[in-house]
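Here are some notes for your review. Please read them alongside the model.

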Amino acid sequence: WCPQCRALEADIKASGVPDGVTIIKVDYDTNQGLRQKYGVAIQTTLVKVDDNGGLVKKYVAYDEPSIAAVKNNLL
């Protein structure tokens, strides 16, 4: 895991997940199909999907790996 991924996971655990949000952690190296489907090119990418799995929005948390940045830029 990269330092940004570890920092983001620690912040999510410390801060909690916002109500109505589900976070699913996916192994970047073994899920190439998902990476292609959502156009993920860097490990710290978070993808917001609709109920049918369609891409709504994505955010790369590399420069600011925090749940606050995810809330501001993705939710």
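1. In which helix does Glu9 lie? Glu9 lies in helix H1. Helices (H or I, at least four residues) and strands (E, at least two) are DSSP runs, numbered from the N terminus. Glu9 is partly exposed, because its relative accessible area is 25%. The cut-offs: buried is under 20% relative accessible area, exposed is over 50%, and partly exposed is in between (1.4 Å probe, protein chains only).

2. Provenance and conventions. This is a predicted model, in which local features need pLDDT of at least 70, side-chain atom pairs count only at pLDDT 80 or more, and totals for chains, interfaces and linings use all residues. Residues are numbered from 1 along each chain as its sequence is written, and side-chain values use heavy atoms, with hydrogens and water left out.

3. Surroundings of Glu9. Glu9 touches Trp1 and Lys25, not counting residues up to four places away in sequence. Contact means heavy atoms within 4.5 Å. Val21 is 12 residues from Glu9 along the chain, and their C-alpha atoms are separated by 15 Å.

4. Fold. The chain has three helices and two strands. Along the sequence their pattern is α-α-β-β-α. Among contacts between residues at least 6 apart in sequence, 39% join residues at least 24 apart.

5. Dimensions. The C-alpha trace spans about 30 × 25 × 15 Å along its principal axes.

6. Of the 75 residues, 25% count as buried. The chain exposes about 5,300 Å², and carbon and sulfur atoms supply 49% of it. Areas come from the Shrake-Rupley method with a 1.4 Å probe; for residues, only the protein chains shown count as cover. The mean positions of the 9 positive and 9 negative charges are 2 Å apart. Lys and Arg count as positive, Asp and Glu as negative; His and the chain ends are not counted. Each charge is placed at NZ of Lys, CZ of Arg, CG of Asp or CD of Glu.

7. Core. Which residues make up the largest nonpolar core? The nine are Leu8, Ile12, Leu46, Tyr59, Ala61, Ile67, Ala69, Val70 and Leu74. H3 gives the most, with three residues. A nonpolar core is a set of buried Ala, Val, Leu, Ile, Met, Phe, Trp, Tyr and Cys residues joined through side-chain atoms within 4.5 Å. In soluble globular proteins, nonpolar side chains tend to be buried together. Leaving aside neighbours within four places in sequence, Leu74 is in contact with Leu46, Val47, Lys48, Lys57, Lys58 and Tyr59.

8. Gln43. This residue sits in the loop between helix H2 (32–38) and strand E1 (45–49). Gln43 counts as partly exposed because its relative accessibility is 35%. Beyond neighbours within four places in sequence, Gln43 contacts Cys2, Cys5, Tyr28 and Asp29. Val60 is 17 residues from Gln43 in sequence and 8.3 Å away in space, C-alpha to C-alpha.

9. Pro65. The loop between strand E2 (55–60) and H3 holds Pro65. With a relative accessible area of 22%, Pro65 is partly exposed. Pro65 touches Gln4, Ala7, Leu8 and Asp11, not counting residues up to four places away in sequence.
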